[in-house]
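User: I have a model open and want to learn how to read it feature by feature. Please take me through it.

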There are 2 protein chains.
Amino acid sequence: MLTVPHRLLHGPGPSPVAPSVLEALALPCIGHMDPAFMGIMNEVRAMMQQVFKTENEMTLACSGTGSAGAEMLMDNLVEPGDTCLIGINGVFGGRLTDKAKRAGGVVHNMNAEWGQVFDTDEILAKIEELKPKLVCFVHAETSTGACQPFDKLAEATHKHGGLLVMDCVTSFSGMPLEIDGWGVDAAYSGTQKCLSCPPGLSPVTLSERAMHKANNRKTPCNSWYLDLALVGNYWSGSRAYHHTAPVNMNYALHEALSLALEEGLENRFARHQAVHEKLKAGLIERGFEYASDPDHSLPMLNLVKIPAGVDDEAAVRKQLLNEHHLEIGGGLGKLAGVCWRIGIMGHGARDENVDAILTALDAVM
Amino acid sequence: MLTVPHRLLHGPGPSPVAPSVLEALALPCIGHMDPAFMGIMNEVRAMMQQVFKTENEMTLACSGTGSAGAEMLMDNLVEPGDTCLIGINGVFGGRLTDKAKRAGGVVHNMNAEWGQVFDTDEILAKIEELKPKLVCFVHAETSTGACQPFDKLAEATHKHGGLLVMDCVTSFSGMPLEIDGWGVDAAYSGTQKCLSCPPGLSPVTLSERAMHKANNRKTPCNSWYLDLALVGNYWSGSRAYHHTAPVNMNYALHEALSLALEEGLENRFARHQAVHEKLKAGLIERGFEYASDPDHSLPMLNLVKIPAGVDDEAAVRKQLLNEHHLEIGGGLGKLAGVCWRIGIMGHGARDENVDAILTALDAVM
């Protein structure tokens, strides 16, 4: 039998998985068309609706990782020639741009320094100028730890018939998120961040406005696997067979969502915030500097500058992994070699985990 | 905690999962960039190469179900305007056609009765006529139980610069399959058939000839998530981060592949064949008729006509499920209400499972 090392997962995800989620993962497999599995899908959907804070009927677990969820939205919501406005302030805005272009979108980017966010008024002015069919920003940039305010973007987007799309991969279930309250038309997340479920599924939600667009395309979407006209019928409506859903992964997602809702979302957000503050205080005490905008930093993803004097940052991360079983994340894209990313997500957002992180850093630095 | 009913999985998949595969699934999650996970990926690849009987370097577990693997091949190997020859003798040839068209392919179909296979000489004549860039057939049609011979198609395909592509979702690890021996350029499978791993990953392999085409496209492929220029670098070569791999699903795949290779492929094929013969004898004794070509029937997927006198076949399947915990498959597509599909795959291909199937059928019929 395979042996797997024990790791303290404090990079950008996957995060530490709760024992009951692993237990759920190992429950006996049943059929993807079994009425019992349909019941589980219904419960998974209802719980995702609660975490997304939405009444969207079209809320489902896309059968791929967060990147597949992103592609599901771009493939279904972008038609060839559509003007798209996408913000890039980290790696993931760039990837969304790539996906929108492959779907035929004419993409206009706004750019901000990595670690910073966009000024809402500047976004609104750009929406007025471009009248885009799709406006897409990253709520929680996993590559930079920046949190983009989303609460004032919907009205301007909708005025011109556009859709407001959000990446909430890292924020989902870890901080306030209001899909309906903020007027977001479509959002996607991943299971392996603040939900603390292994990677493999992507929670996705779409408003009626978004589904109207998806259902009235002039041309079929690029993807058969991610086509909401087909996947949607499996998750809702006729329950027609589309693909063989990752059954056991949906069990794990069910348990992870249950844990989040049992704790209470507000309590969970407060826990992430409190643990973030403890970590931040410890890091600053040790001379670390944060690299993300202090007014718009995520609690669960801490972007810190690699301290002066660290010549071989990869070697330090390797030492943390090998000697202290601690995984932290290197910088991504242009932040590679410049910053580290320390995640405190979901089941791992606990005081004792902060202590372990700081102790390990003390030992190697 | 979620409760899940016990089921005897004898539909078209998922199949019964071995206990050690569920144990592997529940091992602690580690990072997708962890050197230990890279080691696991290497072992998964090496074992998939053995089961595919290929030396293809580009052999990987696509992070989605079998349908995603199919789409990965179509998206990467079909360029807009490419002539494609795709056989339809069941549901999955139709789906491949849909995917090839979305990738911009000009698809010519050969059609055969569902349950029948194509005559090799007719295929060769069609290849000579069309000189297609892509020739794609389904080795093991999960919707019909038919097994298409593949051993004489490569030379004609390659003569015109074409690629030979195979769906081996249901045959992989359950019957002879010779990717290199038959000159197949690209093939995809699923984990939940004869491997008896839960659904969620798709074993995929591509020859150097196929990768040359994928790497020299004039336009980027439709999909970012499935783009082999990107995914391939994560599974091989530079090991660059692409997406967060479904870590625990790869553990399960590792264990399922280990079990298959420990048993020995030839032994495993013989076991499937012997159990098929036992099941077939029992079904025929009870008056069932097979609906697939007797000379080209799959051992692991048994297509039988619903007996005369069964008015409500869905009710019978429901009774089998509720009273005997037995899942068998309904007919798919044009075979819905006409045939049943009884799978004996992987861990479920055992004498005692055949006994349980026949006992349950006796009780309800």
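**Reading the model**

Analyst: Start with a loop: Pro14(A) sits between β1 (8-10) and α1 (19-25) of chain A. Helices (H or I, at least four residues) and strands (E, at least two) are DSSP runs, numbered from the N terminus. This is a predicted model, where local features need pLDDT of at least 70, side-chain atom pairs count only at pLDDT 80 or more, and totals for chains, interfaces and linings use all residues. Residues are numbered from 1 along each chain as its sequence is written, chains are lettered from A and ligands numbered from 1 in the order in which they are written, and side-chain values use heavy atoms, with hydrogens and water left out.

User: Which kind of peptide bond joins Gly13(A) and Pro14(A)?

Analyst: Most peptide bonds are trans, and most residues other than glycine have a negative phi. The bond between Gly13(A) and Pro14(A) is cis, with omega about 5 degrees. In chain B, Gly13(B) to Pro14(B) is cis too, with omega near 5 degrees.

User: What is the phi of Arg239(A), and of Ser196(B)?

Analyst: Arg239(A) has a positive phi, near 60 degrees, and is not a glycine. Its loop runs between α8 (228-235) and α9 (247-263) of chain A. Ser196(B) also has a positive phi, about 60 degrees. Its loop joins β7 (186-188) and β8 (202-206) of chain B.

User: Is Ser196(B) buried or exposed?

Analyst: Buried means under 20% relative accessible area, exposed over 50%, partly exposed in between (1.4 Å probe, protein chains only). Ser196(B) is buried, at 2%. Arg239(A), at 18%, is buried as well.

User: What area is buried between chain B and chain A?

Analyst: Interface size is often given as the accessible area lost when the parts come together. That loss is computed with a 1.4 Å probe and summed over both parts. Between chain B and chain A the buried area is about 5,200 Å², and carbon and sulfur atoms give 66% of it. Leu2(B), Arg102(B) and Trp224(B) supply 15% of what chain B buries against chain A, more than any other three residues. Each chain brings 64 residues to the contact.

User: How many salt bridges cross the interface?

Analyst: A salt bridge is a side-chain nitrogen of Lys or Arg within 4 Å of a carboxyl oxygen of Asp or Glu. The interface of chain B and chain A has 4. One pairs Asp34(A) with Arg7(B), at 2.5 Å, N to O.

User: Which residue makes a side-chain polar contact with Asn302(B)?

Analyst: A polar contact is a pair of N or O atoms within 3.5 Å; within protein, one must be able to donate a hydrogen and the other to accept it, and residues adjacent in sequence count only if both atoms are side-chain atoms. The side chain of Asn302(B) meets that of His276(B) at 2.9 Å. Asn302(B) lies in strand β9 (residues 301-305) of chain B and is buried, at 0%.

How values were computed:
Contact = heavy atoms within 4.5 Å. Buried area = accessible area lost by both parts, 1.4 Å probe.
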